[in-house]
Amino acid sequence: MTDLVLEGVTRRYGAKAAVEGVGFTLRPGRITALLGPSGSGKTTLMRLIAGLEAVGAGTIRLGDEILSSADLHTPPETRGVGLVFQDYALFPHLSVLDNVAFGLGGMARKARDAKALALLDQVGLADRARNWPHDLSGGEQQRVALMRAMAREPKVLLLDEPFSGLDRHLKGAVRDFLFPALRVSGAAVAIVTHDVDEALLLADDLVLLHQGRVLQSGTPVDCYREPVSPEAARLLGEVTVLSGRVEEGVATTAFGILPATDQVDGEVEIVVRPESVRLDRAGVLAKVVGVRFAGQGFDYRLEREGRTLSLRAEEGRADVGDTVTVSLDPAAVRLFPKSR
Ligand code: ADP
Ligand code: MG
């Protein structure tokens, strides 16, 4: 089993870089989520890894074998890389079985069909083998598309927003089956998503992308708890970035003071997630300017000295117009020296 490694990968369209200096590693048996806003280069990276685009600079290699560099380009069909697009793209004129068998070109017909049927059985679709794709639900088609890609036993499997066409219920069902199956297959898997909760919940590793560059990569827990910058923190959910000032190991903000013994004196940006704010007896006074029921709790907007802050609390304890006492959880907020 082999790592897929990107180093310094750049791809330009005209003057604009869609992807610039990107490096990360996809590991066998692990699922890496590429997460970033629209236009951050996720699809371009998939196409580069699959060999549908050439790199302008940098290298993509599978173990020791170079797949892409500025002067070398292995064709897509010999890379051992499978790609499943957003819209599944099943062949409408082929049966479900033949769609899956399509990937098994070199085999005798009988063995091919037997293998395709076994793959369909793995995802509970053996009894639909003779159906047409359009007879199947979206979730079922998704599973067929995936098995068609897995039939070739790719070393690397790329899934570009595979759940975007599914409703919430189907998403859950497909994911519960899909992710364990992918890990067992031993392929190095990359899944593109812009759904933060999905990425945090399901991926083994994250690559956070912004404007064609990698802001941070690592496990979901590490990326969430130890963002490398306010921008990286923003990619993993709602944050408030407060400005503050550090003097002699203490940071002063509009919402109270924090220990900052590891910071040099000067301006700082403080990344605060909604769950890192407490409604305490000790703290500073703030005004409630918004309350929203969010199912598992309440989201508050608080205001003090002209700054606002989001807070997540389990119980509804205050209404708009009330004054509450708040404090920042020093263990959960993160301080960054102010850039520029
Ligand atoms: P994502 O999948 O994260 O939404 P893309 O990889 O599709 O982002 O696009 C990244 C950037 O590259 C965008 O600014 C997009 O407009 C640009 N881009 C992608 N493909 C092309 C292309 N074929 N021609 C010109 N620009 C492109
Ligand atoms: Mg895309």
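Predicted model: local features only at pLDDT ≥ 70, side-chain atom pairs only at ≥ 80, totals over all residues.
Residues are numbered from 1 along each chain as written, and ligands are numbered from 1 in the order written. Local features need pLDDT of at least 70 and side-chain atom pairs pLDDT 80 or more, while totals for linings use all residues; side-chain values use heavy atoms, without hydrogens and water.

**View 1. Residues around ligand 1.** The shell (a heavy atom within 4 Å of the ligand) consists of Y13, K16, A18, P37, S38, G39, S40, G41, K42, T43 and T44. A polar side-chain atom of K16 is 2.7 Å from an oxygen atom of ligand 1. Backbone N or O atoms of G39 and S40 also approach oxygen atoms of ligand 1, at 2.7 Å for G39 and 3.2 Å for S40. Protein covers 59% of the 560 Å² of accessible area that ligand 1 has on its own (Shrake-Rupley method, 1.4 Å probe).

**View 2. The largest pocket.** Its volume is about 600 Å³. A pocket is an open set of points on a 1 Å grid over the protein atoms alone, where a 1.4 Å probe fits, with protein on both sides within 12 Å along at least five of seven lines; lining residues have an atom within 4 Å of a point. Among the 23 lining residues, P76, V81, G82, L83 and R152 are closest to the centre.

**View 3. The second largest pocket.** This pocket holds about 400 Å³ of space. Of its 14 lining residues, D197, Y224, E238, E275 and R312 lie nearest the centre. The second largest pocket lies between domain 1 (4-234) and domain 2 (240-316 + 325-337), because both give residues to its lining; the domain bounds come from an automatic or database assignment.

Terms used
Polar contact = N/O pair within 3.5 Å; in protein donor to acceptor, adjacent residues only side chain to side chain. Points joined across faces, edges and corners; volume = space filled by probe spheres on them.
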